[in-house]
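Please keep the sequence and the three-dimensional view at hand while reading.

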Amino acid sequence: IDSSEAMNSFPVIDISPLVQLGESGDDGPISSQLLQNEKLKVVVDQISHACESFGFFAVANHGVDPDIITRAWDSSKSFFDLEPAVKKSIPMSDSYPYGYENHESLGTERTAAVAKSCATKGKNESSTLLADSKETFSLGPLDSATSGMPSRKFPQNAPATFAPALTQYFNVMENLARILFRGLALALQLDDASWFLRDGHFDDGHQCALRLLNYPQLEYQKENRSLHIRAGAHTDYGAMTILKSGGPGLQLQLSAHKTNGEIGGDDTSSWIDVPHLSEDTLIINLGDLMQRWTNDRWRSTLHRVIAVADDDGSKRNGDVPEIFESARRQSIAFFVNMNGNATIVPFDSCVDSEHPSQYDAIKASDYLIQRHAQSMGNNKAKEV
């Protein structure tokens, strides 16, 4: 898919038939019977195509109350407007992988061209990285006992609405993940439409995480930098991510498709813009875990966030150099991670003589820990 075609064909899927399936409770074990519903089959076919071709798609009519989204959005903005001391009172650390962070670098998951360049020059890739121009606050699962993750922490001096708004948003994203999992199971032709929701794969111990992101307003002379990266090129490492985006800037690199844990292709110029859609749509992207689970049939796509100029992005005053300005940008990401004890091994439907299994079995929690360590720039973390 070339860049112009990809932009024009970015999948936007009305998932109301999936929402109705979840509400009815009629998601019994026989997937083939469910797909006799023509409207549902259309949605499933669209999801299948999007997962194979893009690894990204947008969903409309997803059933999430817009008021819940608004409250979380407003609470996020209020939090990031607080004094640094308040925000930093709950810092992200090795023992608490949530909380506040403003020095994260995603560069350990970069394009093949950059990795090859560093190797050629004999450099340690992590040593050359710059922190992304963003700040975040993350929240883990409510039930620390079953998930095995640390109990939630909120800053004491945060707005009174902060914890309730985030808790409610987390809950509705959990439910949306369940709806999407039914669509993924049908697209993979699994016998049970609720396969991901049973036998301890997701419920009773999932390790999902909610992340608020704030990209500050930027202003600098264009002669100093041609492109400002707000979030470096990376892939997500869970099953999938549900993103509420607050503006343009998200880009995909479809040429850099990973197989067997490696990023393929060295075309660093083929970034395409994800269109900024209506307020009631959410962006879904697959993570490395789902690509592994599908034996590379579905893709976890390299993506990044760049600063986008406001209007023409420039000011001129005589001989003063051109100035680049980019407004503040917000987003909220819900990382859908499986039960830590779930065993991840390629589905039988994704393995045959032409596509032998590329991956050994691994516990979801082990995979998550290693990928998180990589995202934090831990050189000891190994690709699995």
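A residue counts as buried when its relative accessible area is under 20%, and as exposed when that value is over 50%. By this cut-off Asp296 is buried, because its relative accessible area is 13%. The model discussed here is predicted. The points below are grouped by topic.

- Most residues other than glycine have a negative phi.
- Asp296 is not a glycine, yet its phi is positive, at about 70°.
- Asp296 lies in the loop that runs between helix H10 (288–293) and strand E14 (302–306).
- Asp204, also not a glycine, has a positive phi of about 60°.
- The loop that holds Asp204 lies between helix H9 (162–187) and strand E5 (209–215).
- Is Asp204 buried or exposed? Asp204 counts as exposed, because its relative accessibility is 71% and the cut-off for exposed is over 50%.

**Helix H4**

- Helix H4 covers residues 38–53, which makes 16 residues.
- Which residues of H4 are buried? They are Leu40, Val43, Val44, Ile47, Ser48, Ala50, Cys51 and Ser53.
- At the start of H4, the backbone nitrogen of Lys39 has a side-chain oxygen of Asn37 within 3.1 Å.
- Just after H4 comes Gly55, whose phi is positive at about 75°.

- Strand E2 (residues 56–60) is largely enclosed by the rest of the structure, because 5 of its 5 residues are buried.
- In a regular strand the side chains alternate between the two faces of the sheet.
- On one side of E2 are Phe56, Ala58 and Ala60, on the other Phe57 and Val59; all are buried, and both faces of the strand are covered.
- Strand E1 (residues 12–14) pairs with E2 in the parallel sense, over 3 bridges. Within this pairing, Ile13 stands opposite Val59 of E2.
- Strand E13 (residues 282–286) runs antiparallel to E2 and is joined to it by 4 bridges. The bridge partner of Phe56 in E13 is Asn285.

**An open sheet of four strands**

- An open sheet is formed by 4 strands, in the order E7-E14-E9-E12, with antiparallel pairing.
- Its edge strands are E7 (229–234) and E12 (271–273), each of which pairs on one side only.
- On average, neighbouring strands of this sheet are turned by 25° against each other, direction ignored.
- Strand E9 (residues 250–253) and E12 run antiparallel and are joined by 3 bridges. Gln251 has Asp273 as its bridge partner in E12.

**Aromatic pairs**

- How many aromatic pairs does the structure hold? It holds 17.
- One aromatic cluster is made up of Phe79, Phe80, Tyr100, Phe137, Phe154 and Phe162.

- Asn337 sits in the loop between strand E16 (329–336) and strand E17 (343–344). Asn337 is buried, because its relative accessible area is 7%.
- The side chain of Asn337 reaches the backbone oxygen of Gln207 at 2.9 Å.
- Neighbours within four places in sequence aside, the contacts of Asn337 include Phe202, His206, Cys208, Gly238 and Leu368.
- Gly238 belongs to the loop between E7 and strand E8 (240–245). With a relative accessible area of 10%, Gly238 is buried.
- Not counting residues up to four places away in sequence, Gly238 touches Gly287, Asp288, Leu289, Met290, Val336 and Asn337.
- Gly238 and Ser300 are 62 residues apart along the chain, and their C-alpha atoms are separated by 9.6 Å.

Conventions: Residues are numbered from 1 along each chain as its sequence is written. This is a predicted model: local features need pLDDT of at least 70, side-chain atom pairs count only at pLDDT 80 or more; totals for chains, interfaces and linings use all residues. Side-chain values use heavy atoms; hydrogens and water are left out. Helices (H or I, at least four residues) and strands (E, at least two) are DSSP runs, numbered from the N terminus. The expected span of a helix is 1.5 Å times one less than its number of residues. Buried means under 20% relative accessible area, exposed over 50%, partly exposed in between (1.4 Å probe, protein chains only). A polar contact is a pair of N or O atoms within 3.5 Å; within protein, one must be able to donate a hydrogen and the other to accept it, and residues adjacent in sequence count only if both atoms are side-chain atoms. Two strands pair if DSSP finds at least two bridges between them. Axes are lines fitted to C-alpha atoms, for helices over the stretch in contact, and angles run from 0 to 180 degrees between N-to-C directions. Contact means heavy atoms within 4.5 Å. Rings of Phe, Tyr and Trp (its six-membered ring) pair if their centres lie within 6.5 Å; planes under 30 degrees apart count as stacked, over 60 as edge-to-face and the rest as tilted.
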